[in-house]
Amino acid sequence: MAGSTGLQVIVGAAGTGKTAALATAHRAWQAAGVPVQGAALAAVTARRLEDATGIASGSLARLLADAEHPDPGTGRPRGLARGGVVVVDEAGMVDTRRLCRLLTHAVASGTQIVLVGDPRQLPEIEAGGLFTTLVRGPGALHLTGNHRQDQSWEHHALTQLRTGHVEAALDAYAAHHRIHPAADASALRADLVTDYLHARANASSPYDVAILAASRADVALLNALVRGALAGRGELGRARLDIPTGIATAGEPLDLQTGDLVIVGRNDNQLGLFNGTRAVVAAVDVPTSSLTLHTEDDRRVTLTAAWAARHDLRHAYAMTIHKAQGLTVDHALLYGAEGLTREAGYVGLSRGRRENHIYTTTDQMSARTDECDFTRADPLAGEEQLTAALARRLNSSRVHRLASYDQPQPGAWRSTRPVDERTRSRAEGLSR
């Protein structure tokens, strides 16, 4: 019920319309006079939540900081309105300690918490498992359907991948020519870059196509290969601006040219540029060491090279799967390296509306070599061997299990650091 004290858990797979449901709920809360605010672990996710639902949102870190400094006049936590609602998006990525802090403040202020997420997508980086445990409770709401991917076969394949039927999912992707094998990593990267350039050339926006990889090292290498190809085609400006050393791979300066696709790595709340904000370099001014970004939300912002260094600006033709969670593009190209897991694979293969492809080889695909031979025609490894290698990666799950005094159940997930009984009681008390 709107405005009631407690905890509501909403579970939705990728593309099930979580934001559309929240937009409807927001209108109902507004009509009832209930104050609503949103939060997410990443500030850019909070911005997307606000843009999609109309719920004023910010980072979870800022919300917790406000809550832990009571208002001098009332003694109540700031940022948590009594009788109000706080919506936490991508809650499956929020670690147990942070969720515990939020639930504690919610009890003190009489605020309802709505946790929205999917335990089958990327898990917490720190000790976790609380959201996954709450999802199993009888009061959790589960959204169904898929409103993102265009093809019905892909809806079914993603469901199979999400629920652990990896081989069946891969059979579907293979039947629709979405798995691209290669004899070795160099040939694989060449295929991936070629396909990216083709999709980009036919896209209405450079933001509509993304290469996704599990590690930063792979992302840096793939970005370098794409930029080299774009420069060879004359699609980047001649003027170059070198961002100070220490932010790019191996400490080398970041080279920026007009037309480069970039992503912000650190928040600047004043400018509204957050970790994960994408932009195109619209202009480069070498004499003043400045550049102008045209952001994805259609703003133009002029910045200094020093700002770019401080905020970890990077190329964004390829990006990590972690940065892509919550993102939707038209074409997603997944680099199926050794670091891939079931959760990362599911996120990577569910970003694209029109097409999602995965590129794989039996090689380790280490990013320590920068070779990319676009003319090679080596024979492919056996199809069964390649499929088995990919299936092994996608069968590896990294979902956290909440540590407790209960006996582990068959098939239980990996344990994390213990969580005390106060954490359990707060969560259970709010969910009643």
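Hi everyone. When I say helix today, I mean a DSSP run of H or I that is at least four residues long, numbered from the N terminus. With that in hand, helix H1 covers residues 18-31, and Lys18 lies in it. Please keep in mind that this is a predicted model.

Let me give you the overall picture. The protein has 432 residues, and 53% of them count as buried. You will find 14 helices and 20 strands in it. If you take contacts between residues at least 6 apart in sequence, 71% of them join residues at least 24 apart. The exposed surface comes to about 19300 Å², with carbon and sulfur atoms supplying 50% of that.

Now back to Lys18. Does it sit buried or exposed? Lys18 is buried, and it has no salt bridge. The nearest side chain of opposite charge belongs to Asp118, 6.0 Å away. A salt bridge would need a distance within 4 Å. What does the side chain of Lys18 reach, then? It reaches the backbone oxygen of Gly12, at 3.1 Å. Leaving aside residues up to four places away in sequence, Lys18 touches Gly12, Ala13, Val116, Gly117, Gln121 and Leu143.

Let's move on to helix H2, residues 43-53. Its buried residues are Ala43, Val44, Thr45, Ala46, Leu49 and Thr53. Which elements cover them? The cover includes H1, along with strand S2 (36-40), strand S3 (57-59) and strand S4 (85-89).

Definitions and conventions
Residues numbered from 1 in each chain as written. Predicted model: local features only at pLDDT ≥ 70, side-chain atom pairs only at ≥ 80, totals over all residues. Heavy atoms only, no water. Helix = DSSP H or I, 4+ residues; strand = E, 2+ residues; numbered from the N terminus. Buried < 20%, exposed > 50% of the residue type's maximum accessible area, 1.4 Å probe, protein only. Lys, Arg positive; Asp, Glu negative; His and termini not counted. Polar contact = N/O pair within 3.5 Å; in protein donor to acceptor, adjacent residues only side chain to side chain. Contact = heavy atoms within 4.5 Å. Areas by Shrake-Rupley, 256 points an atom, 1.4 Å probe, with all protein chains shown as cover.
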